[in-house]
Amino acid sequence: MKTPYFYLLIFVTVIFSQVNPEIGLRDRTPHVYAFINARIVVSPGNEIQQGTIVVRDQKIVEIGKNVGIPKDARILDMTGKTIYPGFIDMYVETPIAKPVVKSAYPHWNSRVHPETTPTLANLKDEDADALRKAGFTTALLVPEKGIFRGNGQLVNLGDEKNNALTGSVSSQWIAFEHGSWADETYPNSLLGTIALIRQSFFDANWYGEALNAWINYPAENPKPQTDDALQTLATHLSGNSPFVFKVDDDINALRALKLSTQFDLPPWMAGSGYEYRRIDEIAQSSPFIILPLNFPAAPDVTAEEYAIDVSLRDLRHWDIAPDNPRILDEHEISFALTSAKLKDRSRFKKNVLHSVYRGLDKDKALSSLTVIPAKQLGVHHILGTLESGKYANLLVTDGDYFDEGTKILSVWVEGHEFVQDDTGNKVSVQGAWIGALAESQWTYKFSLSETNGTYSGSVNHDTTKVSLDKLKYEPPFVFFSFQGEELPGLDKGIYRYSGINIDGNITGTLIAPDGTPSRMTLVSEVSDEEQKEQTKSDFPPKSNLKTRYPEGAFGLDGPPETYDDVIIENATIWTSSDSGILENASIWIKNGKFYKVGQNINAPRSAEIIDARGKTITPGLIDCHSHTALHAVNEGTQSITSEVRIKDVINPNDIAIYRELAGGLTMANLFHGSANAIGGQNAVVKLKWGQTADEMIYQNAPEGIKFALGENVKQSNWGDNYTTRYPQTRMGVDQIIRDGFSAAREYQQKWEEYTALSKREQKKIAPPRTDLELDALSEILKGQRLVHCHSYRQDEILNLMRIAEDFDFRIRTFQHILEGYKVADAMSKHGAGGSTFSDWWAYKFEVYDAIPYNAALMHEQGVLVSINSDSNELARRMNLEAAKAVKYGNVSKEDALKMVTLYPAQQLKIDQWVGSIEPGKDADFVIWSGDPLSVYTKCEQTWIDGMNYFDLDKDLEMRRRDAEERQTLIQKVLITPDKNGENGHEWRAPNYLEHSCGTEVGR
Amino acid sequence: MRKLFVFICLLSAGLFSSDQIPAPDQKVPILLTNGTVHPVSQPSFEGSILFENGKITKMGPEILTSPETEVWDISGMHVYPGLIAAGTTIGLVEISAVRATADNAETGWLNPNVRAERAYNPDSESIPVTRSNGVLLAHVTPQGGRVSGTSAVMQLDGWTWEDCILRTPIGIHVNWPSMKIEKSSHPKPDQKKENQRDVQMKQLDDMMEDARAYLNALENNTLKGTDQRWEAMIPILRKEIPFFIHANRILQIQAAVEWCNRQDVNMILVGGGDSWRTTDLLKDNHIPVIFEHPLSTPMRRDESTDAKYGVPSMLFENGIKFCVSASAGTFEASHQRNVPYEAAMAAAYGLPRDEALKSVTLYAAEILGIDDQVGSLDVGKDATLIITDGDPLEITTHVEIAFIQGRLIDLSDRHKTLYEKYQQKYLQKQSD
């Protein structure tokens, strides 16, 4: 264990105050300690019994079984005590002190400040104290706010504030932070946040190149605007240092990993405790996770009226959460444990032990608090184990850390002791005591108990019991008084007792009412073993739940069954194709595609056969305008936000997906909201319940984008505070869109000029900056991105078509388009489709002329028409919305159904694969109990890609399963004692808004 | 048949000339014959229905008529009672996003005295649009605050709000306070919220005491002056009209039933999201339910996909008096024409079809206390009825003709007018 450099190190580490002048007398107290007779855990799995550690100043200078004790050392007898390496917490959120030291050249966005570095001085004293009490001696201080929050700063948690552990691995911290809807600064949604992260990485890389180009070729290049943030990021990127994403759930974890992959960053995360939900996908990236132990408190289920508001998902999380660390370990994910996210760090040990009780390996747990963080942060040579030459960061306990009764007695940071628990010295006097009165035959039994630092007790003899008054334990003194009258051998009046707790016995004097003192010693009746037994905490029984996809009610155990061949027989089939409606026909589905449709189909014997006598089959319904399954809908801060992408914010756990499947919907076009003229990029998904966001995205769909016009864009209905963002009129909307496309043209030209340069010339010239906003607009100009536009009034509809024509592209669809019927001829000529509400109107001024005949009139004029929902509720019954086109305007029933199947597929340019029942297309279909346009008809089954994603019978089965499981879990909650009422963490799953688009802005 | 044709032509002609014109009183007896009559209160039959001076006078397979009777051959068609929107702000709200056009919610928490009919705009464009689909009566309700005001049932045709009144007052509307105390996230109950609940309950208790004191003073001639609020409460105290308690969550419903019992007032539950969880209590206390908006998503993540669709059926099976309404939200003021489809979805999920029809006609009338006059086709009731080409709960069905108290209603509306107008545009373009 001794290295040849050992003696050298001594001299290096003896450092007193360095540069600051001494004020007053110099402190030359020697700090040399010998810890003897200790059980020493050098590192996980490597123990020394009865060992010695010698500490000189800040460092350990010697450690081992037979170590000579230096003559100048103070000797600390550690008999019965265990010494561990001090713990390292890799995630300690630290407020940045005010006034903030502003960077000289800050980034334009106030949430981007990677140049920020916290110091120990920023950490609140009570936080430092709480960390040490939990056994931590080293902490990675992380700025608590922002998107690019800043550097993590590693420090030892001693008294010296200017004590950064320079040279450790530099980490940059990123969080998916954003303002709320009311905030007008970008970003105010997860959409904008992710786009800003992406843009910032591009900017950082570009900044480095542009700066170099200017330095080397000042004549040929403009000087880029000085920016400390981009400079910091550029440096960090070039050093391949980790970026740590703080995530709040499993879905954000996958988002973070995607960003890490895109920008080739080491996949580090500050985790959430929900990793188990998507553990396979997370494990695929082999991330390093800084893992909190924020197990939720038990939900209140005492009354059924309360219990019904607790979701099964939350009940299950309560049950499963302590398994999370073990599950990570089983999937070979490297992690460090952190006390972050606990409301009260004193719960940390209990939660570590809870995880161990749930199967987490003890050595693994210990490593994750010592060796692993030390290695990850590149400080294993100075921290993480107890070895000579390393910092004397020690954790001293009165037993094995993993025993429930064990207390942390002190931590040592750089050779300085911080006493954490002096109850080791001031032993509890709780329990039963026998007191024998000297020179008397009588003995009495005393019972002392403590709650929250206050003692109470009683004295009894046989059945006579008298309570103790004024009982005080001021270690080592014990004081109390009591009425003597009822006790044998004592007189009437009040007896007073004063004792000293020495070595487990309380020796003292009982003073009789007449003042006569008698010696009385109290001897403990309870053994240590029993005392430990009493402090044993109660973990609920282990969980036997398997993860569901998604977690909670109606979750699946895995993906639905796949079949080679499925035959549906005897059905009425509305094909939405030229074949029309087939009676008494069959469908053969092969490997997830329609293979044959019609009469006389001979299936292979192995095929799964569905008898659909009396049933009607239609293609899966497609909703061309939805905000289902999104964690964010609007980035409403800027008039053009073409850089934001709906596919970044898909929430595959949204129960609305399942509800919509139950209404026959198989696909949805997920849109950005209509808060601004040019919103975000849309995502076309299949409603594959239980799959990840990426698996839901329909890869065949061409890219698209959402535009918006009219009242929402000009903030007409946002209230009186929103009157300044450009534009406030339809005239301005016209201009802002034109301005965007002009800029995109210029941008394209810049890139064209740059790419036209020779390699040699390119070396001298900085490339243009990648602008994700203009990239998207330029894709529109190139015809690579479909434009879908929220619109109502005929003037704005016509105008947008003219803008598009001026810039030589086409509008793919107008959405809502409630006055489409007024300019249907122009739309038809331009080639724009119309995706409309069936019969909504009059909810705002611009829809006062909306009519339910809109779909029919547009359809008659040759416009490609679909009917959409824009609502998680309507999306459950798109077939009935289609029926309204029959009612209002006499559209044929077949055409009406096409408005929610084939036509939306055509509008999204995916009709080659979906939208009708034709050989070769994806086997997305619905089995209905009857006429799909009748209000009395029920959706019985919904299939996607030849897999059954909804089935009425299975649904009933799941309801029974969930009801049973709910009762089991409620029983478990009820029998689990939770003395503290909480587990150090707030009871609540991450709370995302379920977007039902009930807001004005969505429509 | 000939006369029917003439009338339809007349109606169409109206499209190009003027706005919808409220119908004059019934002058001559009208006999609808050869149709299928669905009285709702009794079995359907093939035959005729006669009405005079706005009232139904005869019904049956064959009816002998006086010479001045207009005979309408409606073979192939169906006659139903006019549908009822059992809770809406139609007439009070024109365009929900335009504040100037909304008169649904008065300021302050205690407004029992404000009257829906007084602000009902009979010229609202929503009214013709709604009645075009067979919804001829609307229970128009004030909203907002704790005690929102007094509601009225309006007929969806008339020159003035006074003409339109079918019955008022119907009841006083109370938005029940949230009963939930957030206990789960904290070791101690959230004191603030608990107090909030108690404060709100005390407000309601005090309100009743004050109203009683007022009535007492009135009856003993010691009143010092008129108080509009307590005046409005007198019919509640005398149990002449009920409180319409708007509540969805189980604790709210239970607390409201207990409170109304204690206060000895009549109660009708509106909303009723969790009503199916507490059917015994509702049944024991004879509380009718206006179940609001089956076409809405389940209240809780764990509830079944069809949770709201299935509630009417459960209320029916448990013998609770109920009816179905669309959403009373301001967004829905213009969408009350879809009331029948709310009931239809309940029928798809377990409610017998004839019960579904009753849930937007007779049952609504019974709960609103207007069944002596409307809600079914019975001799002596108003001739407020619709003639359709099929089941009015089916979306594809059309309402061809409507009568309100025997008055032939103009079924044109803003939507048809614009439809016609733009059909003309494309005809012009074609001929160019």
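This note goes through the chains, their domains, their contact and some sheets and helix pairs.

1. **Basis.** This is a predicted model, in which local features need pLDDT of at least 70, side-chain atom pairs count only at pLDDT 80 or more, and totals for chains, interfaces and linings use all residues. Residues are numbered from 1 along each chain as its sequence is written, while chains are lettered from A and ligands numbered from 1 in the order in which they are written.

2. **Chain B overall.** Chain B holds twelve helices and 18 strands. Helices (H or I, at least four residues) and strands (E, at least two) are DSSP runs, numbered from the N terminus. The C-alpha trace of chain B spans about 75 × 55 × 50 Å along its principal axes.

3. **Domains of chain B.** The assignment gives domain 1 (2–81 + 410–431) and domain 2 (83–370). Such bounds come from an automatic or database domain assignment. The C-alpha centres of domain 1 and domain 2 of chain B lie 33 Å apart. Eleven residues of domain 1 of chain B are in contact with eleven residues of domain 2 of chain B. Contact here requires C-beta atoms, placed from the backbone, to lie within 7 Å. On the side of domain 1 of chain B that touches domain 2 of chain B, there are five nonpolar, four polar and two charged residues. Ala, Val, Leu, Ile, Met, Phe, Trp, Tyr, Cys and Pro count as nonpolar; Asp, Glu, Lys and Arg as charged; the others, Gly among them, as polar.

4. **Domains of chain A.** Chain A is assigned domain 1 (433–526), domain 2 (554–620 + 915–945) and domain 3 (621–914). The C-alpha centres of domain 1 and domain 2 of chain A are 85 Å apart.

5. **Contact between the chains.** Chain B gives 39 residues to the contact and chain A gives 54. On the chain B side, helix 6 (250–263), helix 9 (339–348) and helix 12 (414–431) each supply at least two residues. Helix 12 of chain B has the largest share of that side, six residues. By class, the side of chain B that touches chain A has 19 nonpolar, 13 polar and seven charged residues.

6. **A mixed sheet in chain B.** Six strands form an open sheet in the order 8-11-12-13-14-15 (chain B), with mixed pairing. Two strands pair if DSSP finds at least two bridges between them. Strand 8 (147–150) and strand 15 (322–325) of chain B are the edges, each pairing on one side only. The twist averages 20 degrees from one strand to the next. Strand 11 (residues 172–175) and strand 12 (residues 243–247) of chain B run parallel, joined by four bridges. V174(B) has I245(B) in strand 12 of chain B as its bridge partner.

7. **A parallel sheet in chain A.** Here five strands make an open sheet, ordered 34-35-36-37-38 (chain A), with parallel pairing. Its edge strands are strand 34 (704–708) and strand 38 (865–867) of chain A. Five bridges link strand 35 (residues 786–791) to strand 36 (residues 811–816) of chain A. H790(A) stands opposite Q815(A) in strand 36 of chain A.

8. **A hairpin in chain A.** Strand 21 (residues 469–474) and strand 22 (residues 477–483) of chain A run antiparallel, with four bridges between them. They form a hairpin with two residues between them. D469(A) stands opposite S481(A) in strand 22 of chain A.

9. **Two helix pairs in chain A.** Helix 3 (residues 190–216) and helix 4 (residues 228–238) of chain A pack at about 85 degrees, with axes 8 Å apart. Axes are lines fitted to C-alpha atoms, for helices over the stretch in contact, and angles run from 0 to 180 degrees between N-to-C directions. Helix 3 and helix 4 of chain A are therefore roughly perpendicular. Angles of 65 to 115 degrees count as roughly perpendicular, under 35 as roughly parallel, over 145 as roughly antiparallel and the rest as oblique. The axes of helix 16 (residues 730–756) and helix 18 (residues 772–781) of chain A come within 9 Å and cross at roughly 90 degrees. That makes helix 16 of chain A roughly perpendicular to helix 18 of chain A. Residues of this contact include F741(A) and Y747(A) of helix 16 of chain A, and L774(A) and L777(A) of helix 18 of chain A. The residues of this contact divide into seven nonpolar, three polar and one charged.

Terms used:
Two residues are in contact if their C-beta atoms, placed from the backbone, lie within 7 Å.
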